[in-house]
Amino acid sequence: MGWNSWNTFGENIHESLIEETAAALVETGLAEIGYRFVNIDDCWHAEARDDEERLTWDAAKFPGGIPRLAEAVHGMGFGFGIYSCAGTHTCAGRVASFGNEEKDAQTFADWGVDFLKYDYCNKPFGVDGRTLYFRMGQALRSTGRHIIFSACEWGNTEPWLWGRQAGCHMWRTTGDISDSWESIKAIGFSQFGKELYAGPNAWNDPDMLVVGMKGVGNVAAGGCSLDEYKTHFALWCLLAAPLLIGCDVRSIDAESLAILGNRRLVAVNQDKMGAQARLVGSDYHHWDHTLFPTLVKPLADGGLALGMFNLHDERTVQLQAAWEAIGLHDRRPCQVQDLWTGEDLGVHRSFFCAKAAPHAGVVVKLTPLPL
Ligand code: GAL
């Protein structure tokens with residue numbers, strides 16, 4: 001959990017932005033809720049490597065230098081993240097790590113980096129991309145510093161099959177997200193079938209959050225409604241996806257803060273069982289998985305997080321989940337709690353149903369009681 005510069009700021013990053021963001025994460029309470037990494041994405045680099053062939057920073061953007069910035073960010077209680085790429089150049093054309101993996105991993109460790117996002121642009125022709133992630137994973141381990149390794153090859157070579165072995169702690173499963181309902185829907189509801197590959201220290205990553213961008217910034221594409229942002233966040237929590245905020249937290253509005261700061265949903269995301277929700281159906285309903293997907297995430301305390309979503313563009317619908325369909329005995333009573341509001345929705349047997357507006361969801365926790 002943390003923040004990343006790309007979604008809002010793209011190449012327009014500066015050390016004061018990073019420090020102000022860390023301060024804003026503390027002031028808003030988001031740090032305390034668990035957003036504990038401050039990550040710089042692409043475009044922090046100088047034009048070329050230094051005299052000793054080491055990567056170095058753009059001195060206009062980072063006049064105090066990256067190591068000092070990392071120290072400042074650590075001083076505020078955060079881990080510090082940086083970005084490089086498995087090819088010769090990053091996606092935005094900056095110098096990258098191909099052929100210099102050991103040197104760059106050591107540089108990052110020397111700077112106090114705690115998290116590396118590793119992209120996939122400009123890979124030399126004929127080189128097996130997977131090898132490049134194994135190489136960087138090995139290089140990071142050789143530094144002796146614990147650095148979270150985040151692979152970003154967009155799901156091209158099924159990284160969920162080999163990422164864990166390559167030393168990756170998370171891997172992107174899709175192309176880039178943008179701040180629109182179409183993007184959230186396409187990415188968020190395309191994760192089914194990969195749940196067996198996720199677990200503690202190894203996560204499927206459907207890209208960073210756009211909650212709170214409201215149509216402004218680098219990946220802006222019209223913005224989303226409040227219900228759409230809530231669906232986005234609930235979905236990422238159910239999917240046990242990394243939660244990296246992408247908006248400008250210095251000026252975040254109260255509604256977006258309430259979404260990102262919902263402790264019950266964050267607890268579902270961070271649940272120590274580490275299960276990624278699976279898609280289930282129901283035999284009590286004219287069920288359509290495409291329009292009304294229902295997801296269930298088992299929790300370590302024996303409970304289940306249930307999300308039922310209405311992807312219809314105009315109609316409010318009644319959504320229903322039958323216990324049988326989600327793996328419970330059909331007479332098992334369950335205490336139901338609304339995860340958005342915390343409200344106790346009572347004890348239910350056999351099924352639970354509730355209404356959802358277009359693009360909204362019903363997101364609840366089921367706590368099974370004795371039969
Ligand atoms: C893309 C990546 C984005 C961002 C961008 C930077 O490949 O998916 O998340 O890092 O590169 O250029």
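Modeller: What follows is a walk through the ligand site and then the salt bridges.

The model is predicted; local features need pLDDT of at least 70 and side-chain atom pairs pLDDT 80 or more, while totals for chains, interfaces and linings use all residues. Residues are numbered from 1 along each chain as its sequence is written, and side-chain values use heavy atoms, with hydrogens and water left out.

In order of number they are Trp 6, Asp 41, Asp 42, Tyr 83, Cys 91, Ala 92, Lys 117, Asp 119, Cys 152, Trp 154, Arg 172 and Asp 176. Sorted by class, this shell contains 6 nonpolar and 6 charged residues, with no polar ones. In this sorting, Trp, Tyr, Cys and Ala count as nonpolar, and Asp, Lys and Arg as charged.

Asp 41 has a polar side-chain atom 2.6 Å from a ligand oxygen. For Asp 42, the distance from an N or O atom of its side chain to an oxygen of the ligand is 2.8 Å. Asp 176 also brings a polar side-chain atom to a ligand oxygen, at 2.5 Å. On its own the ligand has 310 Å² of accessible area, and the protein covers 95% of that. Such areas come from the Shrake-Rupley method with a 1.4 Å probe.

Now the charged pairs. Side chains of opposite charge can pair when their charged atoms come close. The structure holds 19 salt bridges, each being a side-chain nitrogen of Lys or Arg within 4 Å of a carboxyl oxygen of Asp or Glu.

One of them joins Arg 54 to Asp 50, with N and O 3.2 Å apart. Arg 54 is partly exposed at 35% relative accessible area, and Asp 50 is also partly exposed, at 23%. Here buried means under 20%, exposed means over 50%, and partly exposed lies in between.

Asp 128 and Arg 130 form another salt bridge, whose closest N and O atoms are 3.4 Å apart. Asp 128 is partly exposed at 36%, as is Arg 130 at 37%.

In the salt bridge between Arg 250 and Asp 248, the N to O distance is 3.0 Å. Arg 250 is partly exposed at 37%, whereas Asp 248 is buried at 18%.

Finally, a network of salt bridges links Glu 15, Glu 19 and Arg 68.

Key
A residue is near a molecule or strand if one of its heavy atoms lies within 4 Å of it. A polar contact is a pair of N or O atoms within 3.5 Å; within protein, one must be able to donate a hydrogen and the other to accept it, and residues adjacent in sequence count only if both atoms are side-chain atoms. Buried means under 20% relative accessible area, exposed over 50%, partly exposed in between (1.4 Å probe, protein chains only).
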